[in-house]
Amino acid sequence: MMTSVDTELIRVLADPLRLRIVTLLARETLCTTHLVEETGARQTNLSNHLRVLREAGVVETEPCGRFTYYKLRPDVIAALAGQFAELAETARTAAENKRACP
């Protein structure tokens, strides 16, 4: 049961600010103004990070008047967690496998 972990998604989530955004959105749906207040990031910087998260399919938008709300797509996070769980299980079952040196 060999699995491949989504390296692009890991790259997207490896950025500290993007990971902070994801953590905040795991708790509640927020607009850009809320995210600026919570993170202290500049709006332009935050918007760029939100675009990357949107393009990666991690968050989705919900227009509300003149504001745009962002919410986390838990299925994407769960799929990544599942990939890591499969990788861990592969490592457990292969713990006794050792390739001989030439």
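A nonpolar core is a set of buried Ala, Val, Leu, Ile, Met, Phe, Trp, Tyr and Cys residues joined through side-chain atoms within 4.5 Å. With that in mind, let us walk through this predicted model, starting on the inside.

The largest nonpolar core here has 22 residues, and those touching the most other members are L13, I21, L25, L35, L53, V58 and V59. Two or more residues come from each of α1 (7–14), α2, α4 (43–55), β3 and α5 (74–93). Helix α2 gives the largest share, with five residues. For a closer look, pick I21: beyond its neighbours within four places in sequence, I21 is in contact with L35, L46, H49, L50 and L53.

Now turn to the sheet. Strands of a sheet pair through backbone hydrogen bonds, either parallel or antiparallel. In this model, three strands make an open sheet in the order β1-β3-β2, with antiparallel pairing. Because β1 (30–31) and β2 (59–64) stand at the edges with a single partner strand each, one side of each has no neighbour in the sheet. Helix α2 (residues 16–27) lies across β1, β2 and β3, and runs at about 90° to β3.

Finally, what about the cysteines? A disulfide is a covalent bond between the sulfur atoms of two cysteines. A search of the whole structure turns up zero disulfides. Take C64: the closest cysteine sulfur, in C31, is 8.9 Å from its own, so the two are too far apart for a bond. C64 is partly exposed, at a relative accessible area of 42%, while C101 is exposed, at 72%.

Notes: Residues are numbered from 1 along each chain as its sequence is written. This is a predicted model: local features need pLDDT of at least 70, side-chain atom pairs count only at pLDDT 80 or more; totals for chains, interfaces and linings use all residues. Side-chain values use heavy atoms; hydrogens and water are left out. Two strands pair if DSSP finds at least two bridges between them. Helices (H or I, at least four residues) and strands (E, at least two) are DSSP runs, numbered from the N terminus. Contact means heavy atoms within 4.5 Å. Axes are lines fitted to C-alpha atoms, for helices over the stretch in contact, and angles run from 0 to 180 degrees between N-to-C directions. A disulfide is a pair of cysteine sulfur atoms within 2.5 Å. Buried means under 20% relative accessible area, exposed over 50%, partly exposed in between (1.4 Å probe, protein chains only).
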